[in-house]
Amino acid sequence: MPKRTDIHSVLIIGAGPIIIGQACEFDYSGTQACKALREEGYRVILVNSNPATIMTDPEFADRTYIEPITPECVEKIIVRESEHIKAQGGEGKLALLPTLGGQTALNTAMALVKRGTLDNYGVEMIGANAEAIQKGEDRQVFKDLMIQIGLDVPISGTAHTLEEARGIAERIGRFPLIIRPAFTLGGTGGGIAYNREEYEDIARRGLELSPVTEVLIEESLLGWKEFEMEVMRDRADNCVIICSIENFDPMGVHTGDSITVAPIQTLTDKEYQIMRDASFAVIRAVGVETGGSNIQFAVNPDDGRMVIIEMNPRVSRSSALASKATGFPIAKIAAKLAVGYLLDEIRNDITRETPASFEPTIDYVVTKIPRFAFEKFPQADPTLNTQMKSVGEAMAIGRTFKESLQKALRSLEIGRSGLGGDGKPWRIGEKLYGDRDILPASLIRQKLSVPNAERIFFIRHALRSGFTVEDLFNLTKIDRWFLTQIKEIVDFEEALASTAN
Amino acid sequence: MNAVLALEDGSVFRGEGFGARASASGEVCFNTSMTGYQEILTDPSYKAQIVTMTYPLIGNYGVNHQDVESWKPHVAGFVIRELSPVVSNWRADASLAQYLEENGIPGLQGIDTRALTRRLRVRGALNGFISTEAISDAEALERAKSWPGLMGVDYVKEVTHREAFVWDEKDEQSADFKLRQGLEPADAREVREPLPPADIPIVAFDYGMKYNILRRLRQQGFRVRVLPATATAAEALCHRPAGIFLSNGPGDPAALGYAVRAVQDLLQTGIPIFGICLGHQILGQALGGKTFKLKFGHRGANQPVKDLVSGKVEITSQNHGFAVDAASLPNDVEVDRINLNDQTVEGFRHKTKPVFCVQYHPEASPGPHDSTPLFAQFRQLIQSR
């Protein structure tokens, strides 16, 4: 199928100002999309309030609106542009591409659907439709959909009495358990129970606090391994995996704050293919017709159980990483798929000879490490959890994980040459330690057991002070494969140090 | 343990040995799959080949007793960038190094596998010699150069089962691998998809057949009698098969006159035939076509194949060094699948007879499941008659 000829102009919504949790990755994707669509001869209209983006440079769009990204403003733009197309006697309609500007763009597009703006002015949403966005974004709708297509999700149940709550705990059969009271403001009264006593306490309190005497109980995935798949789909339902990603940090840390590695390192082909099949099942069930999606999985390291956590029906932070990691320009291809091309009609930018309908296979390892700036925010809690706190990231490519990890750490511009051993001191709170000092075991244990920005360096400190890989695994639940790789770096540092002496 | 890989073009790679203390000659080829090394090692199609993986980190998840494609590994040698010092997967029974050692296969790690792969891409597949024993560069080169190569040699006879047998009569080995879900029983290794009744008898010519082909056939409700590669058409027909399957296998398809003759005879019977990989090449020859050697082959899990009838693209698992020449095929054969990377033939069907085949591996293992429906198509083809 060639490109669509019934579209005159495409409106792309940018991501707005840079905030924590949403940074320049959407400038990258939006810029690629603008270029790709102009290449195809469409008139490109862009709205983005952030002047420090490449995409707002005049040559990237036919018309650029530096206006607030709100439904009201974008509606005015739609009115003006619809009239413009009519006045010019243009053939074809105005299309809205909302999947390249992150959550802001997606939310704005959904608001425009609800206001009836798109219907009123005959604007077609391309890339993803409103129903698909709704299915992907609403947690309960998504979870029900996953169960319906036979995929695994965290086991859960609702209880109205303590007796029922006990029954659910019995059924799930292990701690920790997450308890969420229904209809309390901001979920107050909930918590994570690590044993029976805590569970009874939290459940009782939750039931009391809930105005409908109801609590939702769910198995906790803390400590499970986390994986991501970057998927592309075209109008003919061809699906490909662009990149698989394994998180160094187990579940419990936001992906944006996790060290992530491509490709997946610790799954057998059998498990990987189940994850691949599941990814396609998700993108089809949610109904993302064209373009990219990011799908996240948790895997129990003890028995391989694989559950779906969430999906983003749009280009995401991981897409930028996956594009650079594999050379497959996800945003550019997503834009071309949105206007009707099929994957095998688009050229592969790497080989220039073969089509884009393939799955990149790489002969190297890519590591991304988040960059934090807690020193600038002394009030902020430096513990990493499910809310993103990093302000940027660095990525590196190496022929081994060790090489890519060390290069990425050096790229962070925090003054370190890698894990350590570079002769530079360590500032931990108020105290200053020498590069090769052995740090107190209590400090190490504390820094390992709770995820934080310095944890990666404390793995080195721990190994140098005599912790074993097994000790580290018990404290962090970071996969033994990653820990052993770091141990090899530390062992090499020790070997080098001993020759120097 | 010092180890060496020598190539017939005069290059020598030295690195660290692992696996068995042994030496072997073979054709050196590369595989681009990022997962599935255990399936690759145990695929009989790799007989007489020294395989290098383009993905650098191998052995991360160890080996287990489930992910095997035959009764033992068949590669002549295994060459990788870095062997994992640890095994990390809940199903692992042993490390890759232990596994190769137990099976007498030499491994080489710590060499620049990218340089090796680039050489193979430029020069084409090369004969080579791998050793983890004390051996000089000169001797290793001599052994690489003196190896006669794959062309014209029948390796099928070395990997085919010598006696006919019925596959998995007790239904113990055919269930698809599945992960435990939700509150299902605790040992995930015991979770099995139920199998349909085995109600259609077929025969499978074993040229070096992967187990997952047999599992997939059984999952479709076939009762599969596996025949040695040298079986004649008469021997096959005495089992009154409703369908005939031709398997994958190693080496040069042009060296298998006996197999081509048997298939020519079977083509006269009108019984539906389905072929995979070497089976596809044998069918091509039986119908009058010719095969040729590809420069560096297709080995990996990301080969795009276009179905020319439906227009859909499948990402396929492939492992072949030879291909059927499209121009040599007669007019009553229609090429219906091509490789989008180099436009070579990936499948054809006969216009009047119930015969179809593919060059790639719809059974995957390792690789994507996109082409699994072909096994159901084989069943439909038989049932529609």
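Some ground rules. This is a predicted model, where local features need pLDDT of at least 70, side-chain atom pairs count only at pLDDT 80 or more, and totals for chains, interfaces and linings use all residues. Residues are numbered from 1 along each chain as its sequence is written, chains are lettered from A and ligands numbered from 1 in the order in which they are written, and side-chain values use heavy atoms, with hydrogens and water left out.

Start with chain B. It has 10 helices and 19 strands. Those are DSSP runs, numbered from the N terminus: helices are H or I with at least four residues, strands are E with at least two. Along the principal axes, the C-alpha atoms of chain B fill a box of roughly 60 × 55 × 40 Å. How does the radius of gyration of chain B agree with a compact globule of 385 residues? The globule would have a value near 21 Å, and chain B has 21 Å, so the two agree. That radius is taken over C-alpha atoms, and the globule rule is 2.2 Å times the number of residues to the power 0.38.

Now the inside of chain B. Of its 385 residues, 63% are buried. Buried means under 20% relative accessible area, exposed means over 50%, and partly exposed lies in between, with a 1.4 Å probe and protein chains only. Take the contacts in chain B with a separation of 6 or more: 74% join residues 24 or more positions apart. A contact means heavy atoms within 4.5 Å. The accessible surface of chain B is about 13,700 Å², with 47% belonging to carbon and sulfur atoms. Accessible areas come from the Shrake-Rupley method with a 1.4 Å probe; for residues, only the protein chains shown count as cover.

Next, where the chains meet. Chain A gives 53 residues to the contact, and chain B gives 47 residues. About 4,400 Å² is buried between them, and carbon and sulfur atoms give 52% of that. This buried area is the accessible area, with a 1.4 Å probe, that two parts lose on being put together, summed over both. There are 8 salt bridges between chain A and chain B. A salt bridge is a side-chain nitrogen of Lys or Arg within 4 Å of a carboxyl oxygen of Asp or Glu. B:Arg180 forms one with A:Asp303, with the closest N and O atoms 2.6 Å apart.

Over all chains, the structure holds 64 salt bridges. One of them joins A:Glu488 and A:Lys402, at 2.5 Å from N to O. A:Glu488 sits in helix H16 and A:Lys402 in helix H12 of chain A, 86 residues apart. A:Glu488 is partly exposed at 29%, whereas A:Lys402 is buried at 15%.

Chain B has a pair too: B:Glu27 and B:Lys293, with the closest N and O atoms 2.8 Å apart. B:Glu27 lies in strand E3 and B:Lys293 in strand E15, so the pair ties together parts 266 residues apart in sequence. B:Glu27 is buried at 3%; B:Lys293 is partly exposed at 28%.

Last, the surface. Which residues make a nonpolar surface patch of about 250 Å²? They are A:Ile20, A:Phe377 and A:Val391. Patches are made of residues with over 30% relative accessible area and no salt bridge; like charges are joined within 9 Å, and nonpolar side chains (Val, Leu, Ile, Met, Phe, Trp, Tyr) within 5 Å. A:Val391 is partly exposed, at 38%, in the loop between strand E15 and strand E16 of chain A.
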